[in-house]
Amino acid sequence: MTHPRSWHLGGIAAVAVALALTASACGGGSEAATPKRTTTTAAATTTTVAAPVAPLTGLADPSGASLTRPALSVKVENTDAARPQAGIDQADVLYEEVVEGNITRFVAIFNSTVPDVIGPVRSVRQEDPDIVWPLGGVFAYSGGAQVNVDAINAAPVHAVDEDTAGGAMVRNEPSQPPRNAPHNLYGLGPALFALGGDPKPPKALFQYLTPGSPAVTGRNVLNFHVGFDAGYDPTWTFDAATDTWQRSIDGAPSMVTGPGHIAPTNVVVQFTPYSGEAEAQTVGEGDVWVFTDGTLRPGRWVRPDKTQPAHYVDPAGSPILLRPGRTWVELLPSDRTVDVTDAPPPATTAPPTTAAPAKATSQKNKK
């Protein structure tokens with residue numbers, strides 16, 4: 001596969017030209033020379049300026065629009081009654097978290113793209129302020145327990161719920177399937193961004209590979225299954241043609257209204273301790289598995305302070321770089337498992353042998 005080549009700087013120098021003018025004077029058999037005059041043209045330099053880069057994807061953004069917007073984080077439901085959701089395939093970054101009852105919900109974060117409709121929008125949880133603390137911007141939610149509402153209002157975000165969003169949230173949005181409350185509240189992307197938030201732009205959450213760099217090396221993976229409870233346990237399958245991971249649950253593709261298949265460039269499984277009533281502890285450290293370019297790279301996530309995002313490092317302590325693009329982060333409880341199916345070895349042109357062909361294997365790994 002190929003990736004966009006990086007922009008680079010160049011210069012074009014003009015050559016200085018000297019022009020000498022000589023004149024002769026006559027008279028009395030004598031000759032006088034006119035002094036030479038030299039004109040020098042300063043060298044001109046032309047540079048090609050690199051395109052702006054969207055902070056939450058690492059992709060070039062020629063319009064520069066992402067640099068003028070804050071982050072928009074929207075709390076989105078993930079039950080059967082809410083599927084297919086709207087707009088989440090366009091999230092720059094999405095965190096999947098466990099809430100009470102061992103179901104999962106999403107914190108979908110937008111900046112480079114502004115979906116028309118996002119949702120269904122649901123309530124804030126105790127873990128959400130820490131997730132969005134490094135980003136600031138707008139945080140949209142339906143409501144919630146007072147302790148959680150107080151916590152998100154104490155975070156450095158412009159928190160808006162159904163009562164304060166005005167026309168930026170609607171029930172039974174006409175483009176969406178008809179649903180009963182509470183599964184029918186939607187955020188309108190342009191209107192939510194218009195409510196305003198800072199900083200603009202948000203700080204990057206990840207470190208990225210250089211665009212156009214070779215595929216990363218690691219354990220070659222065909223697919224992997226993330227061990228949330230049944231009905232919320234996705235399988236991610238690598239699609240080499242698009243260099244993305246396609247999401248499915250129980251063998252059915254995870255779609256959005258529109259339609260569209262959920263297929264980010266990177267999937268990060270961040271093994272996360274939970275406390276209390278399913279409250280993810282995202283400040284601290286733990287194991288991390290990073291899936292990029294059809295490979296798995298294990299390491300550690302480290303986040304000593306909620307004001308900073310988690311950093312991913314390999315066993316040698318070097319940063320684990322992501323491929324520029326959209327990223328999903330699975331906040332999987334630390335005692336859950338990920339089942340990895342290895343990709344078959346690449347085909348060779350060697351003469352056939354009597355040995356049995358290699359097979360992809362499914363391995364269970366507990367973290």
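Begin by selecting Glu162 and Arg171, whose side chains meet in a salt bridge with N to O at 2.9 Å. The term salt bridge denotes a side-chain nitrogen of Lys or Arg within 4 Å of a carboxyl oxygen of Asp or Glu. Glu162 is partly exposed at 29% relative accessibility, and Arg171 is likewise partly exposed at 34%. Here buried means under 20% relative accessible area, exposed over 50%, and partly exposed in between (1.4 Å probe, protein chains only).

The model on display is predicted: local features need pLDDT of at least 70 and side-chain atom pairs count only at pLDDT 80 or more, while totals for chains, interfaces and linings use all residues. Residues are numbered from 1 along each chain as its sequence is written, and side-chain values use heavy atoms, with hydrogens and water left out.

**The whole chain**

Of the 367 residues in the chain, 47% are buried. Among contacts (heavy atoms within 4.5 Å) between residues at least 6 apart in sequence, 61% join residues at least 24 apart. The accessible surface, by the Shrake-Rupley method with a 1.4 Å probe, comes to about 17700 Å², and 56% of this surface belongs to carbon and sulfur atoms.

**Further salt bridges**

The count of salt bridges comes to 14. Select Lys200 and Asp198, which form one of them with the closest N and O atoms 2.9 Å apart. Lys200 is partly exposed, with a relative accessible area of 42%, whereas Asp198 counts as exposed at 52%.

Move on to Asp229 and Arg336, whose side chains meet in a salt bridge (2.9 Å, N to O). Asp229 lies in the loop between strand E9 (219-226) and strand E10 (235-239), and Arg336 in the loop between strand E21 (327-330) and strand E22 (337-342), so the pair ties together parts that are 107 residues apart in sequence. Asp229 is partly exposed at 28% relative accessibility; Arg336 is partly exposed at 22%.

Then select Lys75, Glu97 and Asp128 together: these residues are linked in a network of salt bridges.

**An open sheet of three strands**

Select E4, E8 and E7, which form an open sheet in the order E4-E8-E7 with antiparallel pairing. Strand E4 (117-118) and strand E7 (169-171) stand at the edges, each with a single partner strand, so one side of each is left without a neighbour in the sheet. Two strands are taken to pair if DSSP finds at least two bridges between them. E4 pairs with strand E8 (residues 185-188) in the antiparallel sense over two bridges. To locate this pairing, select Ile118 and its bridge partner in E8, Gly187.

**Strands E15, E18 and E19**

Finish at strand E18 (residues 284-292), which four bridges join to strand E15 (residues 266-270); the two run antiparallel. Within this pairing, Gln270 has Val288 in E18 as its bridge partner. E18 also pairs in the antiparallel sense with strand E19 (residues 295-303), over nine bridges. Select Thr292 to find Thr295 of E19 standing opposite. E18 and E19 form a hairpin with two residues between them, and Asp293 in the turn has a positive phi of about 55 degrees. While viewing strands, recall that in a regular strand the side chains alternate between the two faces of the sheet.
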